[in-house]
Amino acid sequence: MNGGKTFNWLGWLVLAILLSLWEYGARASPKLQFYIPPVSQILTALGQLFASGQVAGHLLSTLSRFLEGYVIAALLAVSLGILLGHFRFAYSLLETLIEFLRPMPSVAIIPVAVLTLGIGDAMIVAVTVYASLWPILVNTIDGVRNIEPTLIDTARTFGLRGWAILWRVILPGAAPYIVTGLRISLSIALILVTTAEMIAGSRGLGFFILDQERSFDSGNMYAGIIVVAALGYGLNRLFLALEGKALGWRRGMLARESV
Amino acid sequence: MRESKLNGIFFLLALFFVWELASRSEWVNPLIVPPLSKIFVSFGSLVATGDIPLQILASMKRAAVGYFLAAAVFIPLGILMGLFERCYRALEVVIELLRPVPPPVVIPVALLFFGLEDEMKIFVIFFSCAWPILLNTLDGVRNIDRLLLNTARTFGLSHVKIIWQVVLPACSPQIMTGLRVSLPITLILVVISEMVGSTDGIGYFILDSQRRFKVAQMYAGMLALAVLGYALNLLFNLAHRALLPWHWGMLRKEQG
């Protein structure tokens, strides 16, 4: 962000000071310990959770629900978005419905999902799909609409038809928009998985964290939060790496333009 | 344009008709998907008895406090971090470590500290609105033309005056963006936190209706939420127009 990649000693110093204040503050006051146990205790809890394999199962269910929901949402939303972006009539049919559904906070769908699908993986995945769908859909529609008609005409002139145009002109043309939608949905999907696990789950990190709070084991609770944050961070880094691979051509183009 | 709008409305009406028919003729289980007319009747009576307005009022009080508290803390912080590099560097690591925490995960922490009280929801909303508001403000300040700042300095304006008369107006569009992004986040988080730990509010109302198997009432609550989301967006647009009329005009022009 700020040009130089020098080590931010000031930032780490501030973090170290905050953490040591936390550690000693918590040690000094047993009353405080109930709410915020010393950092060292949280890290020990984290280590034990991993060593005993207690957290691995929860992590795995959260991750698999997330992946399933996210991938299904991406496939659905991109195909639907291309259809709606390309065919004006189809869009005109669904526009009002989309405008009606979008302002409703997606988590409100959880009770309906519980009612129809019961408590379990299917419910959590369905909720995740529903919520992650919107950003990808709206961005894909935008992306397809912003492709220059000349591009498609040129492709036609060169004898490309149907699928070839879709695959070689429309998809690459809309890709930057699609990626924006995918990035927004990444964090939304994680929010929905953990929320659904809290409200109606018996496994997963969301359930684990809330369950630890209810049994007043705040050390384990904070350890669980660290695991979720690490998961979110890791998924984000993975996304950026894949984006760089897939859209490297575009970054090169932008860099050249800005020079 | 008008015709396409009409298409959409017809399609929606057709969908409503199919829903009604499917439920009445029991193609789908009417216990799970009640006829639409029943949902509307339930919505109407719940609004008339004041049940839904009361629940929404409870939710909105929490949402407003959390939202404006976040704005009051993180807009000034963003300006400070944007103006003073050292301030940015000092907080960068802490922020980067906290940012990947998905907001709903903070709910158990808030529950531990505040129990089921209003403060619990307010804290959760405050935390989740922090990042969009802070990062957009920061971005806005950084993208201010340095010439503007230097000119203000040349004319001998004090720090306070520079912030008030130059920085704040120049980055107000980005601040607005941060506030706009935070709006649906606020609504989502107030609903989630009421579902996980509350005794009232629209989020609690919807989940509780489901658990008591009052299905029409549950859908009515969702309808109320959709209306609320739509109304909040409208309200935000009005505020945007009143506070930054020049920017609003620019946006309108861009969209054609």
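From its N terminus onward, chain B of this predicted model runs α-α-α-α-α-α-α-α-α-α-α. If you count the elements by type, the secondary structure of chain B comes to 11 helices and zero strands.

Next, consider the overall form of chain B. Taken along the principal axes, the C-alpha atoms of chain B fill a box of roughly 75 × 55 × 30 Å. Of the 256 residues in chain B, 39% count as buried. Contacts also tell us how the chain folds back on itself. Among the contacts in chain B with a separation of 6 or more, 71% are between residues 24 or more positions apart.

How is chain B divided into domains? The domain assignment gives domain 1 (1–29) and domain 2 (34–255). The C-alpha centres of domain 1 of chain B and domain 2 of chain B lie 33 Å apart. Their contact takes five residues from domain 1 of chain B and four residues from domain 2 of chain B. On the side of domain 1 of chain B that touches domain 2 of chain B, the residues divide into two nonpolar, one polar and two charged.

Now turn to chain A. Read along the sequence, chain A follows the pattern α-α-α-α-α-α-α-α-α-α-α-α, with 12 helices and zero strands. The C-alpha trace of chain A spans about 75 × 55 × 30 Å along its principal axes. Chain A has a radius of gyration of 23 Å, whereas a compact globule of 259 residues would have one near 18 Å. Of the 259 residues of chain A, 36% count as buried. Looking at contacts in chain A between residues at least 6 apart in sequence, we find that 72% join residues at least 24 apart.

Find A223(A), which sits in helix 11 of chain A. Is A223(A) buried or exposed? A223(A) has 26 other C-beta atoms within 10 Å, so A223(A) is buried. Leaving out residues up to four places away in sequence, A223(A) touches I42(A), A45(A), L46(A) and L49(A). For another view of position, take L186(A): A223(A) and L186(A) are 37 residues apart in sequence and 22 Å apart in space, C-alpha to C-alpha.

Let us now bring the two chains together. How many residues of chain A are in contact with chain B? The contact involves 43 residues of chain A and 44 residues of chain B. Several helices of chain A each supply at least two residues of the side that touches chain B, among them helix 1 (9–28), helix 9 (162–200) and helix 10 (205–214). Helix 11 of chain A gives the most to this side, with eight residues. The residues on the side of chain A that touches chain B divide into 29 nonpolar, 12 polar and two charged.

The axes of helix 10 of chain A and helix 5 (residues 106–114) of chain B come within 9 Å and cross at roughly 10°. That angle makes helix 10 of chain A roughly parallel to helix 5 of chain B. Here I209(A), L210(A) and E213(A) in helix 10 of chain A meet P108(B), L111(B) and L112(B) in helix 5 of chain B. The residues of this contact divide into five nonpolar, no polar and one charged.

Finally, look at a loop in each chain. F216(A) is found in the loop between helix 10 and helix 11 of chain A. Phi of F216(A) is near 55°, a positive value in a residue other than glycine. Because F216(A) has 10 C-beta neighbours inside 10 Å, F216(A) counts as exposed. In chain B, F213(B) lies in the loop between helix 9 (202–211) and helix 10 (215–243). F213(B) has a positive phi of about 65° although it is not a glycine. With 11 C-beta neighbours inside 10 Å, F213(B) counts as exposed.

How values were computed:
Residues numbered from 1 in each chain as written. Chains lettered and ligands numbered in written order. Predicted model: local features only at pLDDT ≥ 70, side-chain atom pairs only at ≥ 80, totals over all residues. Contact = placed C-beta atoms within 7 Å. Helix = DSSP H or I, 4+ residues; strand = E, 2+ residues; numbered from the N terminus. Nonpolar A, V, L, I, M, F, W, Y, C, P; charged D, E, K, R; others polar. Domains from an automatic or database assignment. Axes fitted to C-alpha atoms, helices over the stretch in contact; angles between N-to-C directions. Parallel < 35°, antiparallel > 145°, perpendicular 65-115°, else oblique. Rg over C-alpha atoms; globule rule 2.2 N^0.38 Å. Buried ≥ 20, exposed ≤ 12 C-beta atoms within 10 Å, placed from the backbone.
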